[in-house]
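Good morning, and thank you for making time for this presentation. Please look at the sequence and the structure while I speak.

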Amino acid sequence: MNLILDKIFAHTTKFIALGVLLIVAWIFTELFQQSLVSIQSSGFDFVTQTKWAPNLEKFGALPAIYGSVVSTFLAMVLAVPVAIGVAIFLSELAPAKLKSPVGVSIELLAAIPSVIYGMWGLFYFVPIIRDIVGGVGISMLSAGIVLSIMILPFMAAVTRDAMNTTPDILKESAYALGGTKWDVIKDVVMPYAKAGIIGSFILALGRAIGETMAVTFVMGNVHKISLDLTQPATSIPVTLANEFNEADTGIYYSSLFELSLLLLVISFTIISIAKFYFLRRKRLGA
Amino acid sequence: MTHTEKRILTNKIVMTLSTLSAMVGMTFLFWILGILVINGIDALNWTIFSEAGAPPGYEESGLKHALIGQLMIVGVATFAGVPLGILAGTYLSEYVQQSKLAETIRDISDIMMSAPSIVIGAFVYAIVVAPMGHFSGWAGSVALTIIMLPIILRTTDDMLQLVPSTLREAAFALGAPKYKVIMQVVYRGAKVGILTGVLLGVARVAGETAPLLFTSFNDNFLNTDMNQPMASLTVTMFNYATSPYEDWQKLGWAAAFILSMFILGLNIIARVFLMKKKGK
């Protein structure tokens, strides 16, 4: 009896664990199958054409891809230095009394749903952008900034964790040689924690590029490539969120599925790079 | 200026800059939190819990429909995702440990945790909503289960590995079969850790909006039939906030406040558990 139960338990757990791999494979194949109509009709034009006009059955995804890349790039440019600043402050500068409450509140802010960052952006931040740079305020610029604020807590927390892995004895040796705080950070902490810090930035990049709700409110979903950051724009997730429920033709749906597939492949690749090149998992207990 | 003076000056500049950037970052974050609390508390009242949605302009409109929908969608996802995740994590930690297969499942799960959730929504649309012909609460739960699964799997896996192998060996020595060792010794030893993972997993999916947009969709009225489109706090918040009606926007802030407090609460409880565990 015990032998049978033992086998049943072992096989059930195995079946479910393998199921996780199956689901991931299924996601890729299902999205690919749903994209087939679009892939067959547009081919490579899908990623090179700039005209997105569902009523004319023209689907060029370049504006969405451009918007994803530019908004994410903006967010990273703004968030990286601030995240490093916050991390230096938390790991090296802050008095012990501040370290833990500020650190914990940053970690908690990372848990706030992104839809709330988007809502704040729409009601409080867009009007400020409108007053400062003109235009409607709903723009690539607003999207980049709101996105940077959304990824900041995550980035700051992981950067601080990476910096904290530097053994105290290394830092103390450098201080003993007369190093200033900046000398120690630049020549001891950064080299030691480099892989971890770069890895977490790339991971944050992978998350930011797939982020939907923080930017959907403030980007505008306009399929146009404009070098002017104050113009409304769109990105892959913003297009999906706005148009999925409105798609009425087979090819329209298929194009949206192709966008989803594209987004999944892009973020899967970025996250894998972060994981396999920079963040080798530390095995617990080992 | 001597070399030393230069170094001291650079140090001062950099330290000031990083303190400033910390202050800028914190200002933005607390600005958002402050807005959320002020608007949320301002919009809170009893009707929010006692009344369902209504057309704009009606006095008697609340979020009862969204609260109940949210509880049902997240509840079903938890009910499915937690046991599946725990069992899958058990397989990794107790049966295959460091094998290639185990490492692959761990890596894929880690990647899925950061993968864009809107894509999961599109996938569930294709496999559930399209064949059924309409949006449904079930579809929303399926999407959230898929998102929750890798989180529970990885925390369970990590937490079970923390259980000392001497405990397992002691149980085996008494002649217990493996499944009994796992259920009665290993699970018991990792109880707090697994529970923490579950809390964090629930907190994570409770805030998801994107995967619900085209799975559970929305409903402005009270609906408890999982087979029909269903309101959730997040999608309701999105629709109300982007509407031009001030009373709807206010309800949106109330929804944002309730949801954030719920999620922060779960995170804080999880943290307290972890601290207690470490303290032991």
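This is a predicted model: local features need pLDDT of at least 70, side-chain atom pairs count only at pLDDT 80 or more; totals for chains, interfaces and linings use all residues.

On the chain A side, the contact is made by A:Val115, A:Met119 and A:Leu122, and on the chain B side by B:Thr234, B:Met237, B:Phe238 and B:Ala241. Sorted by class, this contact of H5(A) with H11(B) has 6 nonpolar residues, 1 polar residue and no charged residues.

Let me turn to the contact between the two chains. It takes 68 residues from chain A and 69 residues from chain B. Which element supplies the largest share of the chain A side? That is helix H1 of chain A, residues 2-42, with 18 residues. The side of chain A that touches chain B divides into 47 nonpolar, 14 polar and 7 charged residues.

I come next to the domains of chain B. The domain assignment gives domain 1 as 3-43 and domain 2 as 64-279. Taken over C-alpha atoms, the centres of these two domains of chain B are separated by 33 Å. In the contact between them, 6 residues of domain 1 of chain B meet 7 residues of domain 2 of chain B. The domain 1 side of that contact has 4 nonpolar and 2 polar residues, and no charged residues.

The next topic is the nonpolar core. The largest nonpolar core has 177 residues, and those with the most contacts inside it are A:Val146, A:Ile151, A:Met155 and B:Ala255. Helix H6 of chain A, residues 140-164, gives the most to this core, with 17 residues.

Leaving out residues up to four places away in sequence, A:Met155 touches A:Ala79, A:Ala83, A:Ser200, A:Phe201 and A:Ala204.

Another residue of chain A to consider is A:Ile270, in helix H11 of chain A, residues 250-278. Is A:Ile270 buried or exposed? A residue counts as buried if 20 or more other C-beta atoms lie within 10 Å of its own; A:Ile270 has 22 and is therefore buried. Apart from neighbours within four places in sequence, A:Ile270 is in contact with A:Ile202, A:Leu205, A:Gly206 and A:Ile209. A:Ile270 and A:Ala156 are 114 residues apart in sequence, and their C-alpha atoms are 19 Å apart in space.

Finally, I would draw your attention to two loop residues. A:Glu57 is not a glycine, although its phi is positive, at about 55°. A:Glu57 is found in the loop between strand S1 (52-53) and strand S2 (58-59) of chain A. With 12 other C-beta atoms within 10 Å, A:Glu57 is exposed. In chain B, B:Gln97 has a positive phi near 40° and is likewise a residue other than glycine. B:Gln97 lies in the loop between helix H3 (64-96) and helix H4 (100-114) of chain B. B:Gln97 is exposed, with 11 other C-beta atoms within 10 Å.

Notes: Residues are numbered from 1 along each chain as its sequence is written. Chains are lettered from A and ligands numbered from 1 in the order in which they are written. Helices (H or I, at least four residues) and strands (E, at least two) are DSSP runs, numbered from the N terminus. Ala, Val, Leu, Ile, Met, Phe, Trp, Tyr, Cys and Pro count as nonpolar, Asp, Glu, Lys and Arg as charged, and the others, Gly among them, as polar. Domain bounds come from an automatic or database domain assignment. A nonpolar core is a set of buried Ala, Val, Leu, Ile, Met, Phe, Trp, Tyr and Cys residues joined through C-beta atoms within 7 Å.
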